[in-house]
Amino acid sequence: MEILVCMSIFFWVYTTLEDGFNKLLKSIMWGGFIISVYAILFYGVGHIMFVIMGGYRLESVFDNVNAIGLLCAFSVILSVYYFIYEKRHWLLLMDIPIIMVLAACGSRKAMVILVLGSLAVYMLKADASSIRSLIFRFITTIVLLVVLVLVISQMSIFAGLNERMEGLIALIIGTGEVDHSAMIRQEMANLGYAIFLENPIVGIGMGNAHIIDAQVLGEDCYLHNNFAEVLANGGAIGFWLYYRMFFNSFRLTKNYGGLQEDGGKILVIMLVSIVLADYGLVSYYSKIYYFFLMAFYVYIFQLKKIYYAVE
């Protein structure tokens, strides 16, 4: 109930502001910076450097470290967006503490989203009407991806994250030393799918999968995979209702011509990033994602106003 009230207030405020969606994106960007600065002050610079250099992860104290890492990733993506589209070069300095905290969080999905999301922002700057521009952007995006992967893999600040990433890759390809965390999370996801197959229509009730998780795997927590979590708890109906919100965001943006605008492009990048992240986390319980959904509908509201004003 409190989420509905809060998001309704935010929606009302930002739909009444001129250029509200742009202001909302900047709020998210600055929110990631503020959280990173707070995390540095809360844990201490010394502890964060110890965690980074030792290849450890920050403990979840004032918030889940995966959630902090993802907010940092989205903040960097948005700063890259404003750097490219509005030439605000100084925003890149803001990314220093954000990336520092992201590295300490050790979130693989956050790092993947940061890299792919930032490159997608760069790619979508291409002139869609020019084949030469599209080819140039595509080639340079691939080159940048390779360079970024090589640089990140060699930097000591990402040593712990690289080790966890290697364990995840080993799980996917079936060779090498599998990371224990990745293996446990895969077992949780498989358990969720098994629960869904036994209760395919309405599931076992939202928030209940952790009970079976505790009984079967000894892990009394959510399934670390939103697809498995929602399918197990809500069945096919719950899955459709939840992801319908994201699908509608894209459909309405497309119908009202938003995909031709910069705001629509960053919205699609964030939508795709969220869906990709759902493979390794449970977004259903996260207030951050409902805030993002609210932001999407603020943009759609503005598109509708322009669309009907023109008609």
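In the protein chain, 71% of the contacts with a separation of 6 or more join residues 24 or more positions apart. The model is predicted. Its secondary structure comes to 13 helices and zero strands.

**Chain overview**
- Along the sequence, the pattern reads α-α-α-α-α-α-α-α-α-α-α-α-α.
- The protein chain has 311 residues, and 46% of them count as buried.
- Its accessible surface is about 15800 Å². Carbon and sulfur atoms hold 69% of that area.

**Nonpolar cores**
- The largest nonpolar core contains 72 residues. V121, I266 and M270 have the most contacts inside this core.
- Helix α4 (residues 65-86) supplies the largest share of this core, with 15 residues.
- Beyond residues up to four places away in sequence, I266 touches F21, L25, I77, L78, Y81 and V121.
- A second core is separate and has nine residues. Among them are A209, L223, A228 and A232.

- R88 sits in the loop between α4 and α5 (91-105).
- Is R88 buried, partly exposed or exposed? R88 counts as partly exposed because its relative accessibility is 32%, and that class lies between the buried limit of under 20% and the exposed limit of over 50%.
- With neighbours within four places in sequence left aside, R88 is in contact with K26, Y82 and F83.
- The R88 side chain also makes a polar contact with the side chain of E86, at 3.0 Å.

Key
Residues numbered from 1 in each chain as written. Predicted model: local features only at pLDDT ≥ 70, side-chain atom pairs only at ≥ 80, totals over all residues. Heavy atoms only, no water. Helix = DSSP H or I, 4+ residues; strand = E, 2+ residues; numbered from the N terminus. Buried < 20%, exposed > 50% of the residue type's maximum accessible area, 1.4 Å probe, protein only. Contact = heavy atoms within 4.5 Å. Areas by Shrake-Rupley, 256 points an atom, 1.4 Å probe, with all protein chains shown as cover. Core = buried A, V, L, I, M, F, W, Y, C linked by side-chain atoms within 4.5 Å. Polar contact = N/O pair within 3.5 Å; in protein donor to acceptor, adjacent residues only side chain to side chain.
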